Amino acid sequence: MSSARSGTARRIRRKVDFRLCTIAAILCSLNLLDSGVISSAAVTSMPADLGLDQGNRFSIAIFIFTISSIVFQLPATSAVRLVGPRLFFSVSTLLFGIITLCTAFIRGWKTMIASRILLGAAMSGIYPGLTLLISTWYPRKEQQLRFAFMQSGEVIILATGSLVNYFLNRLDNTLGLAGWRWIFLVQGMCTCVISIATYCFRFLTAEEGNVVSLQILKDRGDLYVTRFALRDVLVHARDPKVWAFASLFFMQNIVSTALAYFVPIILQSGLGFSSDSSIILSAPPYYYAVVPVLISSRFADRFQSCAPVITFNALCLITGFAVLGFAGESGAPYFGVFLATGAYVANWAALSAYQANNVVGQWKWVLTAAACAMFNGAGGIAGSFIVRNVEAPLYTTAIWVSIGSHMLMICVVGGLSAHFFRANKAQDKSSVNLEKTGGDSIYAFYIGNERG
């Protein structure tokens with residue numbers, strides 16, 4: 001009987017893996033593709049066509065999206081719980097798909113600014129909501145590999161989407177539309193179609209859902225959603241661990257933004273490739289990133305230890321940026337791009353699992369996921385400022401800030417892990433649970449399951 005139950009659980013887990021992680025990867029990729037399509041279009045005639053090439057208008061278009069996303073982060077993440085993930089993700093994806101599609105027909109820079117504000121609001125709940133969703137469907141010891149599945153699908157689709165945008169731009173003047181308009185049009189249409197398919201998608205039967213629910217209840221005891229009250233969400237803002245987790249995502253996204261600036265520049269000015277070749281060669285590091293994210297996440301889940309993996313990835317990234325900045329004009333900087341890209345992509349999964357494993361309580365999850373996403377966006381803003389054109393092609397400030405941020409990340413992870421170790425020892429000696437989940441009706445089974 002026990003063997004039969006175990007076989008049923010494995011079958012259901014594979015089903016959840018295939019369906020949930022695949023959907024999460026696709027939706028997260030669409031989120032990044034639709035928000036980043038303006039960067040692909042920046043090397044086309046779009047800035048001149050819309051007047052974005054005057055003053056700092058283009059920078060405002062980039063900046064205003066992040067501000068809008070940060071403002072709507074908490075209410076959007078709360079809405080995932082209130083209306084249900086199926087409706088929330090399909091409607092949100094449909095909205096930002098329509099906005100992207102309509103952007104293909106705008107005529108001025110002011111309209112672009114308005115569309116970016118709407119796009120930021122529509123996308124604000126996608127990444128934190130998907131992180132929240134995966135953390136609720138898996139026991140803690142299985143989460144990082146599932147975040148890695150999502151991350152792997154995301155970077156594959158993202159890299160492929162960049163190549164597709166390159167070819168779409170070659171449709172310039174086809175049917176009277178500029179190439180950049182084709183990029184927005186096709187990408188928006190694809191997003192709308194996928195959003196409808198997401199809503200129609202059926203997940204598990206009631207019996208299968210009960211099997212998963214029992215696993216989650218046994219793992220951490222916070223299966224049931226409690227009533228929503230704003231104070232039950234905001235009360236957790238007093239916990240410094242929430243902001244420590246958020247700071248890790250701030251430091252992480254400084255690097256991802258800097259790399260987004262770096263790769264084409266290094267390939268073109270540093271290694272002598274043409275503009276078109278630089279765009280195409282920007283994709284392979286992201287394909288490579290699938291390898292370290294899966295291997296490191298498998299290791300973390302098997303040995304139930306996130307912190308050493310985060311530290312190792314941070315050290316790899318520091319090495320990659322050192323090669324990137326100080327190896328001269330040989331082919332070594334391109335190797336540094338691979339090393340740094342693989343490390344920071346792997347750490348997205350590790351950091352997501354690290355905070356999900358150490359936060360218990362439905363509404364505390366919501367606040368933590370929203371805070372991490374907001375700080376992630378703020379890191380993107382900071383990352384755009386550290387890449388200074390006057391320092392081209394070495395960009396010394398970006399190199400040193402990226403290296404320093406990950407040295408600090410190692411220190412923060414070390415401090416958190418030491419806290420979790422002491423708290424778990426105190427928990428073992430006490431019959432009273434040490435961490436109350438605010439307005440939630442239960443207590444945490446674990447004060448912080450730092451795995452290791």
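Which residues of helix 16 are buried? They are Ala-307, Val-309, Ile-310, Asn-313, Ala-314, Cys-316, Leu-317, Ile-318, Gly-320, Phe-321, Leu-324 and Gly-325. Buried means under 20% relative accessible area, exposed means over 50%, and partly exposed lies in between (1.4 Å probe, protein chains only). This is a predicted model, in which local features need pLDDT of at least 70, side-chain atom pairs count only at pLDDT 80 or more, and totals for chains, interfaces and linings use all residues. Residues are numbered from 1 along each chain as its sequence is written, and side-chain values use heavy atoms, with hydrogens and water left out.

Now the whole protein. It has 19 helices and zero strands. Both are DSSP runs, numbered from the N terminus: helices are H or I with at least four residues, strands are E with at least two. Of the 452 residues in the protein, 53% are buried. Contact means heavy atoms within 4.5 Å. Take the contacts between residues at least 6 apart in sequence: 83% of them join residues at least 24 apart.

Return to helix 16, which covers residues 307-326. The expected span of a helix is 1.5 Å times one less than its number of residues. Helix 16 has 20 residues, so it should span 28 Å. Its end C-alpha atoms are 28 Å apart, which agrees.

Next, look at how helices pack. Helix 4 (residues 73-83) and helix 7 (residues 126-137) pack at an angle of about 35°. Their axes are 9 Å apart. Axes are lines fitted to C-alpha atoms, for helices over the stretch in contact, and angles run from 0 to 180 degrees between N-to-C directions. The crossing of helix 4 and helix 7 is right-handed. A crossing is right-handed if the near helix is turned clockwise from the far one by less than a right angle, and left-handed if anticlockwise. From helix 4 come Gln-73, Thr-77, Val-80 and Arg-81; they meet Pro-128, Gly-129, Leu-132 and Thr-136 in helix 7. By class, this contact of helix 4 with helix 7 has three nonpolar, four polar and one charged residues. Ala, Val, Leu, Ile, Met, Phe, Trp, Tyr, Cys and Pro count as nonpolar, Asp, Glu, Lys and Arg as charged, and the others, Gly among them, as polar.

Helix 7 also packs with helix 17 (residues 332-357). Here the angle is about 60° and the axes are 10 Å apart. This crossing of helix 7 and helix 17 is right-handed. Helix 7 brings Tyr-127, Thr-131 and Ser-135 to the contact, and helix 17 brings Trp-348, Ser-352, Gln-355 and Ala-356. The classes in the contact of helix 7 with helix 17 are three nonpolar, four polar and no charged residues.

Thr-368 is found in helix 18 (residues 362-386). Is Thr-368 buried or exposed? Its relative accessibility is 0%, so Thr-368 counts as buried.

Ser-152 lies in helix 8 (residues 143-169). At 6% relative accessibility, Ser-152 is buried. Beyond its neighbours within four places in sequence, Ser-152 is in contact with Val-290, Val-293 and Leu-294. Ser-417 lies in helix 19 (residues 396-429). Ser-417 is buried too, with a relative accessible area of 15%. Ser-417 and Pro-308 are 109 residues apart in sequence, yet 9.9 Å apart in space, C-alpha to C-alpha.

Asn-173 is exposed, with a relative accessible area of 59%. Asn-173 is not a glycine, although its phi is positive, about 75°. Leu-175 sits in the loop between helix 8 and helix 9 as well. Its phi is near 55°, a positive value in a residue other than glycine. Leu-175 is exposed, at 75% relative accessible area.

Last come the cysteines. A disulfide is a pair of cysteine sulfur atoms within 2.5 Å. By this rule the count is zero disulfides. Cys-192 is in no disulfide; the nearest cysteine sulfur, that of Cys-102, is 8.2 Å away. Cys-192 counts as buried because its relative accessibility is 14%. Cys-28 is buried as well, at 1%.
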